[in-house]
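Good morning. Please look at the model on the screen while I go through it.

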Amino acid sequence: MTYQAPDNKGHYGDFGGRFVPETLMPAILELDKEYAKAIQDDDFLAEFDYYLKEYVGRETPLYYAERFSEKLGGPKIYLKREDLNHTGAHKINNALGQALLAVRMGKKKIVAETGAGQHGVATATVCALLGLECIVFMGKEDVRRQKLNVFRMELLGATVESVDQGSGTLKDAVNEALRYWVTNVEDTHYIIGSVVGPHPFPQIVRDFQSMIGTETRKQIQDKERRLPDAVIACIGGGSNSMGMFYPFVNDESVKLYGVEAGGKGVETDKHSVTLQYGKKGVLHGMMSNLLQDKHGQIKEAHSISAGLDYPGVGPEHSYLNDIGRVHYDYITDDEALEALQELSRTEGILPALESSHAIAYAMKLAKQMNKEEVLVVCLSGRGDKDVETVRDALGGNADG
Amino acid sequence: MGKQKLDAAFSAVLERGDKAFVPYIMAGDGGLDKLHEQLEFLQDAGATAVELGIAFSDPVADGPTIQEAGIRALKDGVSLRGVLDKLIETKQERTLPIVLMTYLNPIHAIGIEEFAKVCDEAGVDGLIIPDLPLEEEEIITPSLKKFDIALIRLAALTSPEERIAEIAQRTEGFLYAVTVTGTTGVRTDFQENVGTYLSKLQEQCDVPVLAGFGVSTPEHVLDLTEHCDGVIVGSRIVDLLYKGDREPIKELIASAQLSKVKS
């Protein structure tokens, strides 16, 4: 049966939906309607394609990592180079699509949340490009950890608001962005950074990221004359993975692996593994798997990579987990650090800490695969932003 | 119990020529042991019903005052289950109708059917769930119906006419008219169109219409109740109760007792 999700109410099986205050409902319904029109409009699609090609630098290469493959001794490993996009990660794809949609809807202001700052930078970038006012909410703790990205956003003309509430991380930045949107909904569009939030956001973000999988599908067929045996991507909220997986969902022969952040280990409380250790619940407008206590209070997530440090996950991932189409697993901080160094040394590619989780999983999976097989890893972003974190984690000594 | 108790309380107030006054308090702010005494105080001061807030880690509809009260309650270990247990203990001594205000996730964590059952045992008469719009309410309405607990719907300034009509028709107990485009919290004044908005709701709704969000002074109460049946006051009361400054709370509640003011 052909995969079809979400339904017309924005539900993915038991997940998804629109759990937001009434004040936001009209804006969300309007967005749903306007989005449906936009993706039927050739002019809109042509404009999106134009900027993707000329501004973002798409399509991104599907690179055969020969030395990395040989070192692991398993399958041929291809890397989808989302790190080569303008601003250094896949985040710009969605930010651009949604900003164009906002312009189409006549909105003049953009609000966004950011964890590490990648989505904030991408949003500030497209706002500069299209002449939109931009305000970015960022947890106090993340502002401290990512000073350079804060300055980068300011250089691009955005206002960065530090969020003191709660744990001062991504989850609290989303809360504050939602509060800002509730208050300024008349003239403001919320560019949410991942496949999370109330419908239609998870669908919009998936669609605006799905060129990752569509390009990969075509590129691998050009290079290998076949589909890959397995595809791996990392998951925080889950936008690069959803964009990568979605065009492969109906290809039963392609195994899909989603990798969450195991942090300091699932036996500790410091991880972000929502799909195996979370429970179904409602946060940020969606029903999904959440890290929460028995009273339904949301717990803090942990990961060395700020982009995976989120106690929820996109509702479509919860659904794909439920129906067993994607296999979800996790990688710890230490394993990700190891993988980051390995790829840097064998290929001269410094992956983002987020993407390093996918690389680390590839290193594990490669052991169970043979030389005839083909494995694709989504390299969602570059690691330049993480150099300081990595140096601190390795105690200033790259030899560990 | 339930819907009828709310209906009776509102009818009594409105028939007297008064306006309804529903104070919001954060359950367990200052300790759950104080809850019963706080409810008695509000009842003696003349509240029509109480909106009892349940602390949640991620309260997106709330402004700073209620967020902070929630954080204090959570630090004290307050949970929805704990509040319900406390209400069960004090059920016999209580006459004031209770409306719980909780985000959906704490309910979901207990289990919706189980939650409705415990609400019934605890004498909870109505529910306000700020993150449950019309489109998703089916998740809970069958269970609430079973125990005759009112689901109070919220209308917003941004709601278009056809939604307003649907909300006004579906709501039970009363209609919660959100009077600001924003979060809860003290405001100095309101948008000009609030009066028209309230009057329109009043026309379309068979149950009382109460204005809430930003209502914080006796002047607000008088102004707004020209266009509706009563008010809900949250942040201001949470703040005063926390500071132990109870006189202004009495004055606020008294400002809705128009029959006394006039006589």
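I will start with confidence, then take chain B, the domains of chain A, and the cores.

This is a predicted model, in which local features need pLDDT of at least 70 and side-chain atom pairs count only at pLDDT 80 or more, while totals for chains, interfaces and linings use all residues. Residues are numbered from 1 along each chain as its sequence is written, chains are lettered from A and ligands numbered from 1 in the order in which they are written, and side-chain values use heavy atoms, with hydrogens and water left out.

The model has an ipTM of 0.96 and a pTM of 0.96. In chain B the mean pLDDT (the predictor's confidence in each residue, from 0 to 100) is 96, and 98% of the residues reach 70 or more. Where pLDDT is low, the predicted coordinates should not be read in detail.

Now chain B. It contains 13 helices and 9 strands; these are DSSP runs numbered from the N terminus, helices being H or I with at least four residues and strands E with at least two. The radius of gyration of chain B, taken over C-alpha atoms, is 17 Å. Buried residues make up 63% of chain B, where buried means under 20% relative accessible area with a 1.4 Å probe, protein chains only.

Chain A next. Its domain 1 covers 19-53 + 91-205 and its domain 2 covers 57-88 + 210-394, with bounds from an automatic or database domain assignment. The C-alpha centres of these two domains of chain A lie 23 Å apart. Contact means heavy atoms within 4.5 Å, and 31 residues of domain 1 of chain A are in contact with 29 residues of domain 2 of chain A.

Last, the cores. A nonpolar core is a set of buried Ala, Val, Leu, Ile, Met, Phe, Trp, Tyr and Cys residues joined through side-chain atoms within 4.5 Å. Which residues have the most contacts inside the largest core? They are B:Leu84, B:Leu87 and B:Leu100, in a core of 190 residues. The largest share of this core, 8 residues, comes from helix H8 (residues 170-184) of chain A. Both domain 1 and domain 2 of chain A give residues to this core, so it lies between them. Apart from it lies another core, of 27 residues, including A:Leu79 and A:Val259.

Technical notes
Buried < 20%, exposed > 50% of the residue type's maximum accessible area, 1.4 Å probe, protein only. Rg over C-alpha atoms; globule rule 2.2 N^0.38 Å.
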